[in-house]
Amino acid sequence: MSATTRRTRRTAALLLGATLVTLTATACNSTGGPSVSTEAKQTAAATSAPAADAGGSAPAKPADSKPAESKPAEAAKAPAKVGDTIALKGTLEKGNTADVTALKVVDPAQSSNEYLHAADGKHYVAVQFQIKPTGAKAYSEAPWSAAKVVDDQGQAYGPTLAETKAGPSFQTPTNIASGETGKGFVVFEVPNGTKLDKVQFSLDNGFADQVGQWKLG
């Protein structure tokens, strides 16, 4: 069997597996539309309270200090960017949660397969994600079907099964035990000249109500 034939059969098998996963998710998910989460998960240092003095009391205010000006109840927060982690929840089963990080964006990304290239007038973009299940359940999904990129005009682009020199792609399915982490690239094919603005990812093979979103640039 030639190398080209093996690659063709492998691609067909991946497409079939992804289709079955998608149909299962569609059948099980009876919730409403998704919500977009752009808030990065805070680190312990960012959420720590002001240190108390040696006696255990909070630092005293200067005698001539003025009352702080009132602020809106919900201060505007900067959207998550590449490198930030977003805590995501799934909807298909209890305990399906994960911390997801958009680690890197390679644009353009060069194909690692001499027989498979982007169509004329298009190029590949590779986004590396890190996934860490935080609930009782292991992560066992197809990450490449759960991500998309969005340009500055609001046009979204879904993933392709192409592999690039940016790095290894996720396996289908990807299995990550609770508390452990896994990394991999998801590849997209976009028109040349496209200015990408956002990266999105969700659990349940892309069918969870909550969608994580990272701002590019």
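User: Why is phenylalanine 201 called buried?

Analyst: This is a predicted model, and in it phenylalanine 201 has a relative accessibility of 0%. Buried means under 20%, so phenylalanine 201 gets the label.

User: And phenylalanine 129, buried or exposed?

Analyst: Buried: phenylalanine 129 also comes out at 0% relative accessibility, and the cut-off is under 20%.

User: What makes phenylalanine 129 and phenylalanine 201 a tilted pair?

Analyst: Start with distance: the ring centres are 4.9 Å apart, and rings pair if their centres lie within 6.5 Å. Then the angle: the planes sit at 45 degrees. Under 30 degrees would be stacked and over 60 edge-to-face, so 45 degrees leaves tilted.

User: Why does that pair tie together parts that are apart in sequence?

Analyst: Because phenylalanine 129 lies in strand 4 (residues 122-133) while phenylalanine 201 is in strand 11 (residues 196-202), the pair ties together parts 72 residues apart in sequence.

User: What makes phenylalanine 129 and tryptophan 214 an edge-to-face pair?

Analyst: Their centres are 6.1 Å apart, within the 6.5 Å limit. The planes make 65 degrees, and over 60 counts as edge-to-face. This pair links distant parts of the chain too: tryptophan 214 is in strand 12 (residues 210-215), 85 residues from phenylalanine 129 in strand 4.

User: How do you know whether tryptophan 214 is buried or exposed?

Analyst: Its relative accessible area is 0%, and under 20% means buried, so tryptophan 214 is buried.

User: Why does valine 186 count as buried?

Analyst: Valine 186, in strand 10 (residues 182-191), has 1% relative accessibility. With the cut-off at under 20%, that counts as buried.

User: Which residues is valine 186 in contact with, leaving aside its neighbours within four places in sequence?

Analyst: Among them are Phe129, Val125, Val127, Trp144 and Pro143. Contact here means heavy atoms within 4.5 Å. Take proline 143: it's 43 residues from valine 186 in sequence, yet C-alpha to C-alpha they are 7.5 Å apart.

User: What makes strand 3 and strand 4 a pair?

Analyst: Nine bridges, in the antiparallel sense; pairing needs at least two. One example is aspartate 99, whose bridge partner in strand 4 is lysine 132.

User: How many bridges join strand 2 to strand 3?

Analyst: Five, so strand 2 (residues 85-89) and strand 3 (residues 97-109) pass the threshold of at least two. They run antiparallel, and threonine 85 has threonine 101 as its bridge partner in strand 3.

Note on methods
Residues numbered from 1 in each chain as written. Predicted model: local features only at pLDDT ≥ 70, side-chain atom pairs only at ≥ 80, totals over all residues. Heavy atoms only, no water. Phe/Tyr/Trp six-rings, centres within 6.5 Å; stacked < 30°, edge-to-face > 60°. Helix = DSSP H or I, 4+ residues; strand = E, 2+ residues; numbered from the N terminus. Buried < 20%, exposed > 50% of the residue type's maximum accessible area, 1.4 Å probe, protein only.
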